[in-house]
Structures are given as structure tokens and as C-alpha cells.
Amino acid sequence: MIKNDLLPHERLDDLQNGYEIIQDPDKFCFGADAVLLAWYARAQAHERILDMGCGTGIIPILLRARKKGSHVVGLEIQPDCAQMARRSVIHNHLEEEITIVTGDIREASAIFGGASFDIITCNPPYMIDQHGLKNARAEKAIARHEILCSLEDVITQAARVLKPRGRFYMIHRPFRLGEILHRMVEAGLEPKRMRLVYPYVDKEPNMVLLEGIRDAKPRMTVEKPFILYKGPGVYTQEALDVYYGKKGE
């Protein structure tokens, strides 16, 4: 892709893993949460993955960069974002490995059928519709606030679309952890792993990574903290490994 192929306000960003992604800063650009979720999710080479609310396709592309799963489907309700994701897939020659579907998370089981995926990933809106200042840009507001779907919608649909013993991976905010765990157990997605993410070692966690397994027995492992920075603008070694690790790691 050359610069002239991009739409107004778009840019082509190097993911430092052999792939690039089209982004529009006026709408929404991916952050550390997407990178961490793609790293945290476990998937075997034969497994099918669904990324719910894929935005511009960052998590499907990162998953394939790490050789996770046999095929990744991205579900995105906003047509412009879904089309941007498709163009990034084509640009990276990943058409055989990634499919982008325009559709509503709340209708995932109707779109794909029950028990149709081995793995589900989701980086959902963190704020409830009434919480916090909404961004004036519709795309950013939808990405950050539960305007078009709720936490309950995400978890309920994930449980329906996952195969028995399928795995659900999500990144969210710690302030909603009680609600998240309750919703997961209620839907039959037993929490199995949890890892809190801290910006600095002496700060409070600002993200939480979770793994749930459909119809599993209760027992959860709380893993060691993940620290992003050791100083202003300086990543820890573990964060560097996540961002710049080789394909397949």
C-alpha cells in the first residue's frame, strides 16, 4: 500500500512484527491493552478464534503475527472500522487467515451459531454508558463506553459461541473486577487465570487480564503482576518481550 491509497486522516503504522495496520487518529488507535490481550491469549495451531469488537483489526493481526490459531474472525459493528480492518488484512496478505465480519456482538450466536469457536478474545468498552466523560467522536465513544453493548452482552454471547471447554480472554479495568467475575461465573465461563497490569511498580493496577473456560470446575490462578514501565517512557524487559518478541512467541 502506498500513501496515496490511504483515505484522508489515515496513516499506515508499522507493528514491528512484519505487519502494518491502517489507523485513523481522528477515530481510534489501538493501545497497550490490545497488545497485552493478543499476547495473553493461548491458542493452539488448529483452533478457531473470534475477536469480538475487533475495531480496525489489531488483535486478529497480532494473533496471526504470533501464529495463534488456524483462523481468526473479527466481529465489528461499525462499518467504517470493519472496512478499515479488511483493508489492513488485504494489505498484509492475510485474507486466508483472517475474516472480518460486520455485525453486532449482541447477535454473535445468531451470526455464527452456538459452540462454533475454540477461543474468544475481547477488548470491550470499559466504561458503563453513564460513567465518565464521553468522547465527542462517535467512534471513540463507542470504543470506550458501553453504548452498543454491555459487559453482560459480551460475556453472555461469548459463552454461547464458545465450544465446551473453549477459552475466553478479556482485558478490562480492575474497578469492575467484581462484576466481571460474577458475570463470567453466571454465564458458565469459569475464571481460571487472572493477571493485574501495573503502569509502574509503585502505582495501582490499571488493567486486568482474564482467562475463563466454558463449563470448567472452579479454581483460579492469580498470576504475578505485570509491570509496563520501569521509568517514564522506558518499558520493563517483560513489556519489551511482549511488544517486540519474535513471531510465534
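This is a predicted model: local features need pLDDT of at least 70, side-chain atom pairs count only at pLDDT 80 or more; totals for chains, interfaces and linings use all residues.
Let's start with the helices. Two packed helices are described by the angle between their axes and the distance between those axes. Here, helix 1 covers residues 32-40 and helix 8 covers residues 237-244. Their axes are 10 Å apart and meet at an angle of about 80°. That is why we call helix 1 and helix 8 roughly perpendicular to each other.

Which residues make the contact? From helix 1 we have Ala-32, Val-35, Leu-36 and Trp-39, and from helix 8 we have Glu-238, Val-242 and Tyr-243. Six residues of this contact are nonpolar, one is charged and none is polar.

Now, Tyr-243 leads us to the rings. The structure holds eight aromatic pairs. Ring pairs also link Tyr-243 into a cluster with Tyr-200, Tyr-229, Tyr-235 and Tyr-244.

How are the rings of Tyr-229 and Tyr-235 arranged? Their centres are 5.0 Å apart and their planes are at 15°, so this pair is stacked; the cut-off for stacking is under 30 degrees. As for accessibility, Tyr-229 has a relative value of 25%, so it counts as partly exposed. Tyr-235 is partly exposed too, with a relative accessible area of 21%.

Have a look at its face in the viewer, and you will find Arg-193 lying over it, at 4.1 Å from the ring centre.

Terms used. Residues are numbered from 1 along each chain as its sequence is written. Side-chain values use heavy atoms; hydrogens and water are left out. Axes are lines fitted to C-alpha atoms, for helices over the stretch in contact, and angles run from 0 to 180 degrees between N-to-C directions. Helices (H or I, at least four residues) and strands (E, at least two) are DSSP runs, numbered from the N terminus. Angles under 35 degrees count as roughly parallel, over 145 as roughly antiparallel, 65 to 115 as roughly perpendicular and the rest as oblique. Contact means heavy atoms within 4.5 Å. Ala, Val, Leu, Ile, Met, Phe, Trp, Tyr, Cys and Pro count as nonpolar, Asp, Glu, Lys and Arg as charged, and the others, Gly among them, as polar. Rings of Phe, Tyr and Trp (its six-membered ring) pair if their centres lie within 6.5 Å; planes under 30 degrees apart count as stacked, over 60 as edge-to-face and the rest as tilted. Buried means under 20% relative accessible area, exposed over 50%, partly exposed in between (1.4 Å probe, protein chains only). A charge sits over a ring if NZ of Lys or CZ of Arg is within 6 Å of the ring centre and within 35 degrees of the ring normal.
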